[in-house]
Amino acid sequence: MSVSPSSNTLESASIDWSDPAAPVSTQFDDVYFSKHDGAAETDYVFLQHNQLPSRWADHPRRHFSVAETGFGTGLNLLVLWQRFNAFRQTNPDARCRRLHFVSFEKYPLNVTDLSRAHRQWPQFEALAAELRSHYPPATEGCHRLLLQGGEVVVDLWFGDVLEQLPGLDAGDRGVVDAWFLDGFAPSKNPDMWQPVLFNEMARLSRPEATFATFTAAGIVRRGLQDAGFEVEKVPGFGRKREMARGRIAEQHYAALSEAAEPDAVTLVGAGLAGAATALGLVRRGVRVDLYCQDEGPAQGASGNRQGAIYPLLNQADDGLSRFYQQAFPLARQLLLQMVAREHPIAHDLSGVLQLGVDEKSQNRLDALAQQSFPTELAHGVDAESASRIAGVPLSRGGLYYPLGGWLCPAQLTDALLAEAEKSGLLTCHYRHQLQTLTPQGGQWQLEFDGGHKVLSDQVVLALGHQSNQFEVTAPLPLNPVRGQISYPEAGPTTAGLKTVLCADGYLVPEQDGRLTCGASFGRGDASSEWRETDKAEIVQRMANSFGQEPWEPELVLDDSGRAAVRAAVRDHLPLVGPVPDWDTLAQWTPDTPLPLQPGLHLITGLGSRGLCSGALCAELLLSQLMDEPRPQSQEQQARLTPGRFWIRKRVKGQPVTR
């Protein structure tokens with residue numbers, strides 16, 4: 001079948017390495033960095049002329065945000081990162097404790113070229129290695145990197161900066177403190193140095209935001225002035241006669257009060273989503289009281305011993321597919337970082353093979369293989385290659401996700417909470433079931449069974465399918481989906497399975513002599529009881545998936561396994577963000593601010609893809625809560641917001657009811 005190439009395909013950087021000390025972009029016929037000490041030039045142009053690091057000493061917020069217009073080799077990040085670390089060592093009591101770096105790149109370098117460039121700066125070897133270890137596949141949109149234990153956050157936006165910038169959320173009063181206006185020279189790259197760039201810089205700038213750029217070209221200075229920046233020329237670096245620097249003009253801002261960063265949050269729910277949120281909060285210096293109705297964490301859907309992790313892709317390459325393309329690398333990061341910190345998490349990132357079960361599903365996989373996704377993200381394989389990858393004979397090929405695999409969700413949840421507890425900012429309260437949640441005097445009153453009451457300014461609900469059990473959340477379109485998985489003993493052939501197999505059901509390689517297979521899907525069923533009928537459904541799914549393989553009879557199910565309930569939404573995307581004011585939403589018009597219930601936030605509806613989506617959902621919610629740069633565009637945030645179905649109706653002029 002004929003399939004058009006993916007619109008998400010990015011052209012990689014093309015580099016002339018004739019002079020390793022001054023690599024040249026063949027797309028722009030310009031050097032990536034100066035051969036006369038590129039690191040010193042970065043320090044002079046971008047750090048010194050943005051008054052860094054001196055501004056960090058009295059910065060009023062816990063994080064400082066820098067945005068740059070061309071990531072290239074990552075040199076600017078490495079110089080900034082090293083200087084920030086030095087500042088933190090000499091100023092341990094400063095309020096500013098986190099660095100947030102936002103960068104754009106139309107032609108991403110591959111890891112090999114990054115490594116080659118980084119050899120020029122041995123002083124950054126450790127930082128550069130950490131950057132490369134989490135460098136994402138080159139798909140369009142934002143890829144969040146959590147570096148140095150979350151102290152340094154990097155948002156890499158792959159794609160044209162003029163197309164990406166208008167989609168960024170400016171928050172309450174901007175999200176950028178300093179701009180590194182970098183990129184190839186205006187004479188070499190005139191398409192970038194346009195009014196839309198300067199206007200978007202102004203829109204995204206916080207009060208007191210500064211900029212610096214290596215060029216003093218008139219088109220740049222006039223563009224910045226027209227957008228609302230004060231601009232001056234100063235001596236350039238080395239042989240360059242002049243450069244420009246400046247700041248956003250004070251009159252650019254309306255008289256709006258700035259929202260305070262929260263110091264404490266009440267979090268309800270101790271599954272994977274709640275644990276990722278708790279860790280993100282304490283990393284931001286926020287005290288967390290976590291409440292859970294169970295004896296301990298991960299007692300629900302997050303309590304399975306094995307689960308597959310890989311991105312959800314589709315032929316449309318739409319908002320759903322792009323969300324998971326951006327969520328998947330972050331999920332891997334979080335797992336590998338917890339393992340590196342010596343938390344015991346059973347896992348094997350040996351890949352995932354997706355196989356068709358009939359002609360229709362096989363055609364779909366063949367079409368996906370033609371979508372030009374990065375090879376390391378997904379590519380097609382024939383039966384011979386699939387068998388070699390899987391370690392068991394397979395009669396057909398499919399789609400292979402090399403970076404995927406399996407992990408133990410329960411152990412990952414435990415690890416995230418254990419890591420958060422090291423901060424001293426997390427207190428866990430188990431055996432506390434939330435009964436009521438009501439607004440009271442600008443705060444939220446939470447009443448638990450036994451009569452225990454708590455007042456809180458900020459509440460995050462991470463209760464899965466139970467998140468809509470309160471009056472203030474009742475309209476949420478959550479559906480319980482019950483799933484049962486089984487743990488058959490590995491047989492002579494299946495003991496050699498090396499990678500996760502997904503078809504009508506899924507099969508995970510053995511752990512302690514048992515495989516994991518599943519799953520049954522009971523929509524609208526909130527019971528976690530073990531049922532023989534579910535076991536029969538899994539048996540049928542295994543037959544549908546692998547019945548043509550000679551080893552399928554080895555999958556003999558017994559009474560081992562478990563049932564759990566997930567929360568699902570009909571459009572297969574999570575619900576993340578502030579909870580709407582439902583009554584006011586019925587009269588809302590699209591040209592006015594969205595009515596919200598202040599201080600009430602939600603992360604739920606992750607369905608069967610929580611291992612992949614949980615980390616990004618948590619980071620998005622936390623970025624909204626702390627008014628940081630968001631790791632999703634405004635369009636993508638609209639796809640995830642809890643009130644999205646009502647909003648769409650109101651945009652169309654249709655009436656809505658609670």
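The model is predicted, so local features need pLDDT of at least 70 and side-chain atom pairs count only at pLDDT 80 or more, while totals for chains, interfaces and linings use all residues. Residues are numbered from 1 along each chain as its sequence is written, and side-chain values use heavy atoms, with hydrogens and water left out.

Gln484 belongs to strand E25 (residues 479-486); strands (E, at least two residues) and helices (H or I, at least four) are DSSP runs numbered from the N terminus. Gln484 is buried, at 0% relative accessibility; buried means under 20% relative accessible area, exposed over 50%, and partly exposed in between (1.4 Å probe, protein chains only). Leaving out residues up to four places away in sequence, Gln484 has contacts that include Gly518, Glu529, Trp530, Asp534, Ile538 and Arg562, a contact being heavy atoms within 4.5 Å. Arg531 is also among the residues that Gln484 touches.

## Helix H12 and strand E26

Helix H12 covers residues 383-390, and Ser385, Ala386, Ser387 and Ala390 in this helix are buried. The buried residues of H12 pack against strands E16 (352-355), E17 (379-381) and E26. Gly391 follows H12 and has a positive phi, near 80 degrees.

Ala503 sits in the loop between strand E26 (500-502) and strand E27 (506-511). Ala503 is partly exposed, at a relative accessible area of 27%. Beyond its neighbours within four places in sequence, Ala503 contacts Leu355, Val357, Arg396 and Ser545. Between Ala503 and Ser545 there are 42 residues of sequence separation and a C-alpha to C-alpha distance of 5.3 Å.

## The second largest pocket

The second largest pocket holds about 1,100 Å³ of space. Asp172, Pro578, Leu596, Gln624 and Arg630 are the closest to its centre among the 32 residues of the lining. Two or more lining residues come from each of strand E31 (575-580), strand E32 (596-604), helix H16 (610-626), helix H17 (634-640) and helix H18 (644-651).

On a 1 Å grid over the protein atoms alone, a pocket is an open set of points with protein on both sides within 12 Å along at least five of seven lines, where a 1.4 Å probe fits, and lining residues have an atom within 4 Å of a point.

Key. Grid points are joined across faces, edges and corners, and a volume is the space filled by probe spheres set on the points.
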